[in-house]
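Me: I have just opened this entry and would like a guided look at it. Could we begin with the charged side chains and then move on to the core and the strands?

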Amino acid sequence: MKNLTFFLFALISSLMVNAQTQADSIKEAYNKISDLENRITLQDTRIAKLLQQVDEVTKQNLALKKNLNLTPTVATAKAGDIIEYRIIEVTGDPETNTVHMVMIADNISGIDKSIRYPYYQVVDDQGHGYENSLTNQRFIMKVEGESNHLVGHDLQHHPNAPYSIDIYLNDCTPDTQYVKYFSMEITDGPKHHTAVFENLPIKWKKGLS
């Protein structure tokens, strides 16, 4: 009788332990599922936020491109099927003898491009060129926030994100009324392209009275 009682007690204890183990396993599995669901929810929230940020940046870039495209264009030139350049302003300051050209560079290739600007040529209607020397920077081409000396350097062009490039011609007197010829050579890896502008009228600012 004692043996039977002991056997029953052991059996009941074993069943209770197994039940407790199963309960713990179920609880652990539930906790893991709950934790996984929380992680998925957090990840979905982060993805939604990133998508919203991408959408906002895309809208901003498209708005910028639209605004730039609405700006009156003085002249347009393409460098192959890669970059379209539009000169939207050519102004002269008689106090500093400086001509400022604003040029929009729009990547029309549809993919990111690393473009180098190794060479340029400028001739005004007086037959003067604008070459740089060690002591005199007569030609400056730059992008605010990206490069203060674009000639000879690379610029990352992204689709739907046009750059505004500032070009300065120094030592240019008010008797110069036109930039007769302006060309830029660009390289896209081993490929070379040239964008050419001709007869760009200069609007000289009125001197201070």
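**Salt bridges, core and sheet**

Reply: The side chains of Arg116 and Asp154 form a salt bridge with an N to O distance of 2.9 Å; the term stands for a side-chain nitrogen of Lys or Arg within 4 Å of a carboxyl oxygen of Asp or Glu. The model is a predicted one, in which local features need pLDDT of at least 70, side-chain atom pairs count only at pLDDT 80 or more, and totals for chains, interfaces and linings use all residues. Residues are numbered from 1 along each chain as its sequence is written, and side-chain values use heavy atoms, with hydrogens and water left out.

Me: Which parts of the chain does the pair Arg116 and Asp154 link?

Reply: Arg116 belongs to strand β4 and Asp154 to strand β6 (residues 154-157), distant parts of the chain that are 38 residues apart. Strands here are DSSP runs of E with at least two residues, numbered from the N terminus. Arg116 also stands opposite Asp154 in β6, and four bridges join the antiparallel strands β4 and β6.

Me: Why does Arg116 count as partly exposed?

Reply: Arg116 counts as partly exposed because its relative accessibility is 35%. Buried means under 20% relative accessible area, exposed means over 50%, and partly exposed lies in between, using a 1.4 Å probe and protein chains only. Asp154 is partly exposed as well, with a relative accessible area of 40%.

Me: How many salt bridges does a search of the whole structure find?

Reply: The search finds three. One of them joins Lys113 to Asp188, with the closest N and O atoms 3.0 Å apart. This pair links strand β4 (residues 113-124) with strand β8 (residues 178-188) across 75 residues. Both Lys113 and Asp188 are buried.

Me: And what does Arg138 form a salt bridge with?

Reply: Its partner is Asp171, and the closest N and O atoms are 3.9 Å apart. Arg138 lies in the loop between β4 and β5 (139-142), and Asp171 lies in the loop between β7 (163-170) and β8, so the pair ties together parts that are 33 residues apart in sequence. Arg138 counts as buried at 18% relative accessibility, whereas Asp171 counts as partly exposed at 43%. Asp171 also has a positive phi of about 60 degrees although it is not a glycine.

Me: Changing topic: which residues have the most contacts inside the largest nonpolar core?

Reply: They are Tyr85, Met103, Tyr117, Ile165 and Phe182, in a core of 36 residues. Such a core is a set of buried Ala, Val, Leu, Ile, Met, Phe, Trp, Tyr and Cys residues joined through side-chain atoms within 4.5 Å. Strands that each supply at least two residues of this core include β1 (75-79), β2 (83-93), β3 (98-107) and β9 (191-201).

Me: What is Tyr117 in contact with, leaving aside its neighbours within four places in sequence?

Reply: Its contacts include Tyr85, Met141, Leu150, Leu155, Ile165, Met184 and Ile186. Contact means heavy atoms within 4.5 Å.

Me: Last topic: what order do the strands of the open sheet have?

Reply: The four strands have the order β6-β4-β8-β9, with antiparallel pairing. Two strands pair if DSSP finds at least two bridges between them. The edge strands are β6 and β9, each of which pairs on one side only.

Me: Where is Asn199 found?

Reply: Asn199 is found in strand β9. Although Asn199 is not a glycine, it has a positive phi of about 55 degrees. Asn199 counts as partly exposed at 41% relative accessibility.
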